[in-house]
Amino acid sequence: DTKMESWRRLLCVSTFAVTFATRVGWGPNGVDALISAPEMVMVRTYNPTDLMIERMSRVIEDNPGREVVIAVDTTDAATKLEAGTNHSTLLSPSEEKLKLLVQKFPGRVFTYDNDAVLAHFPEMAQLGGSRKIGMRFHDECIYTVLKSWEKAHGEPWKGSVWAIEDDVEFTAPWNRLFDAYAGAEYVSAGIHQLRSAVSDEKMAQLSEEFKARYISADFHWNFAYEHVVKFGESFLARVHAELQQGVHARSEFSTPSMAAKWNVSASQLDRLASKWWCHGQNHCCGDECLAYVKVSGSQEEGLLFHPVKA
């Protein structure tokens, strides 16, 4: 067996006791926020930088009453990207990096790759973009990680789930963001009806079941950003039921479309996100943004930035 396989087996048997208790946290407007229902925060990553790992530590420290897990995509899918973009090259973590994560966050690290997702949803192999499942199909990856959590703990997760990407920064304690949407069933940013045409490439990433259920003359399928998303417990269960029936699409389309079709109450991620997407420009965070994040961490107002890489 390879060293990587040995680490994966260690992750499967590494368990820890989790006790969920009512916690009172300080809300974003100076109001006590009561967190009584179980909430998971899933930080999704693939090859985190030191800055991202430090951010994971803060998410854990700021949320003692929440179950924080680190979901690591170990798919070896290196790809070259356009020069001048601020995207990281997609690489699976080295054995040393994975070992560091396991040691730093014992019992919290769960790995997956394309094969693990396809084992649950083999029909996805026919979709465009299936070589980069972690980048395109977040809902299916979340499902796979939760199944690994269930195997490790002997019972399924029961509660809501926040899924955040490793390059999202919040300038206040992270619990303020999650507390602000306590009780919300679905939270995302930029939720809107999709009325313009999408590329052939993205259309190829929609299963026939998704097209049949969510694209019609009397229903406009939706779009939302996917860097920070909350699934309430009942909404998450319905999403997973759809996945099990072969309903697949890029998660920027699938999650908001399901919420709209089922009349799930949706909350726009704006109350604490006035600088979301770095003043509205895609992938523009550079040294100036990082400097602002560094000096603004103690401010009362929490601001979201994406992408913050190092």
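Modeller: Helices (H or I, at least four residues) and strands (E, at least two) are DSSP runs, numbered from the N terminus. This is a predicted model, in which local features need pLDDT of at least 70 and side-chain atom pairs count only at pLDDT 80 or more, whereas totals for chains, interfaces and linings use all residues. Residues are numbered from 1 along each chain as its sequence is written, and side-chain values use heavy atoms, with hydrogens and water left out.

Biologist: How many helices and strands are there in the protein?

Modeller: Counting such DSSP runs from the N terminus, the protein comes to 13 helices and 11 strands.

Biologist: How do the axes of α6 and α10 lie to each other, roughly parallel or roughly perpendicular?

Modeller: The axes, which are lines fitted to C-alpha atoms over the stretch in contact, with angles from 0 to 180 degrees between N-to-C directions, come within 10 Å for α6 (residues 138-153) and α10 (residues 233-244) and cross at roughly 105°. Angles under 35 degrees count as roughly parallel, over 145 as roughly antiparallel, 65 to 115 as roughly perpendicular and the rest as oblique. The two helices, α6 and α10, are therefore roughly perpendicular.

Biologist: Which residues of α10 meet α6?

Modeller: Contact means heavy atoms within 4.5 Å. From α6, Asp139, Glu140, Tyr143 and Leu146 take part, and they meet, in α10, Leu236, Val239, His240, Leu243 and Gln244.

Biologist: Is Asn263 buried or exposed?

Modeller: Asn263 lies in the loop between α11 (251-261) and β10 (266-268), and has a positive phi of about 60° although it is not a glycine. Buried means under 20% relative accessible area, exposed over 50% and partly exposed in between (1.4 Å probe, protein chains only). Because its relative accessibility is 71%, Asn263 counts as exposed.
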